[in-house]
Amino acid sequence: MTQVQFVVVAPKDDGIRLDRWFGRHYPTLKNGMLQRLLRAKNIRVNRLKASANQRLSAGDEIRVPPLEVSLPAGNKQAVSPADAAFIRSLVIYQDNELIVLNKPAGLAVQGGSKTARHIDGMLEALRFESDERPRLVHRLDKETSGVLVVARTAAAAAKLTKAFATRTAHKVYWAVVVGRPKPAAGRIDAPLSKVPGPGGGEQMGVDFEQGRRAVTLYRTADSLGKKVSWLELSPLTGRTHQLRVHCRVLNTPILGDYKYDSDQENILPDGQAKMHLHARFLSVPHPNKGTLEVEAPLPPHMRETFDFFGFDEGKAGDPHDFFTKEC
């Protein structure tokens with residue numbers, strides 16, 4: 001989580017509305033949260049109460065409270081040489097509008113009270129020759145690996161954020177799960193909401209009365225008897241922990257997901273496993289034109305698990321087969 005910032009409006013933003021300024025520089029901040037921050041006077045302009053529709057002038061000073069969103073493009077953060085080299089090693093595609101990373105499992109996308117090292121804090125190292133700092137347009141859970149897109153310009157960020165929000169971005173995940181689902185392929189339509197967790201905290205759970213609709217398509221790519229399976233999953237909605245909970249609905253929890261299966265049997269020779277959920281494939285409208293399609297290689301721990309159980313990547317289906325399904 002960032003600290004309170006006082007950001008000076010750049011000449012290129014002269015005359016823009018305050019809500020559109022946030023949309024340009026903090027594209028992952030939802031409008032509802034922006035309105036709440038304005039009502040609470042946590043966001044101010046020139047230290048005065050601000051409104052969403054007020055026009056900004058170059059040189060105005062905006063008070064930005066701590067947010068779990070990307071920093072403005074002009075706000076430079078120091079990145080250690082080691083972290084700079086590390087995040088650059090994750091790049092699997094880049095052009096003038098965006099960069100695609102293969103995020104490793106265990107690395108958070110954004111910071112928090114107990115998270116000092118995260119993707120967002122290293123994005124300055126991906127500026128390269130650009131005048132703008134890259135910014136996040138979507139997220140992955142800390143323990144989930146795979147395709148993560150960052151925008152290189154404010155205009156690209158707005159278009160990509162809209163693509164993820166309107167579900168014109170299509171994703172396919174690979175998961176290794178404990179057990180074998182019946183049927184082998186299908187559709188999970190189970191609404192989700194926050195529920196009390198076993199340790200006294202909160203987690204996501206199925207809630208048919210007040211939950212938000214959550215739909216996932218799945219198919220079994222391979223399995224080893226009834227012990228373990230490799231699933232391909234395509235979320236048609238974007239709820240928190242959707243795939244993790246929906247795999248639990250199938251009675252096939254994700255291997256290593258101890259949050260949703262605390263009594264999970266260790267089925268690997270080296271004991272407890274990292275979570276085996278990987279964002280394998282993404283198809284998204286490119287900010288310029290056409291469609292960008294990219295896939296991320298398996299992380300080391302899943303590569304070892306595939307080898308151990310004899311799963312052959314060649315058995316994966318065509319990810320496009322999922323995209324013709326309607327929610």
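The model is predicted: local features need pLDDT of at least 70 and side-chain atom pairs pLDDT 80 or more, while totals for chains, interfaces and linings use all residues. Residues are numbered from 1 along each chain as its sequence is written, and side-chain values use heavy atoms, without hydrogens and water.

Thr161 is found in helix 4 (residues 154-165); helices (H or I, at least four residues) and strands (E, at least two) are DSSP runs numbered from the N terminus. With a relative accessible area of 17%, Thr161 is buried (under 20%; exposed is over 50% and partly exposed in between, with a 1.4 Å probe and protein chains only). Leaving aside residues up to four places away in sequence, Thr161 touches Pro27 and Val137 (heavy atoms within 4.5 Å).

The structure holds nine aromatic pairs. Rings of Phe, Tyr and Trp (its six-membered ring) pair if their centres lie within 6.5 Å; planes under 30 degrees apart count as stacked, over 60 as edge-to-face and the rest as tilted. Two of the pairs are listed below.

| Pair | Centre distance | Plane angle | Class |
|---|---|---|---|
| Trp230 and Phe311 | 6.2 Å | 40 degrees | tilted |
| Phe306 and Phe311 | 5.5 Å | 85 degrees | edge-to-face |

The pair of Trp230, in strand 14 (residues 228-235), and Phe311, in the segment after helix 6 (300-309), links distant parts of the chain, 81 residues apart. Trp230 and Phe311 are buried, and Phe306 is buried too. Ring pairs link Trp174, Trp230, Phe306, Phe308, Phe309 and Phe311 into a cluster.

Four strands form an open antiparallel sheet in the order 1-4-2-3, where two strands pair if DSSP finds at least two bridges between them. Strand 1 (5-8) and strand 3 (48-49) stand at the edges with a single partner strand each, so one side of each has no neighbour in the sheet. Strand 1 is joined to strand 4 (residues 61-64) by four bridges, and the two run antiparallel; Gln5 stands opposite Val64 in strand 4.
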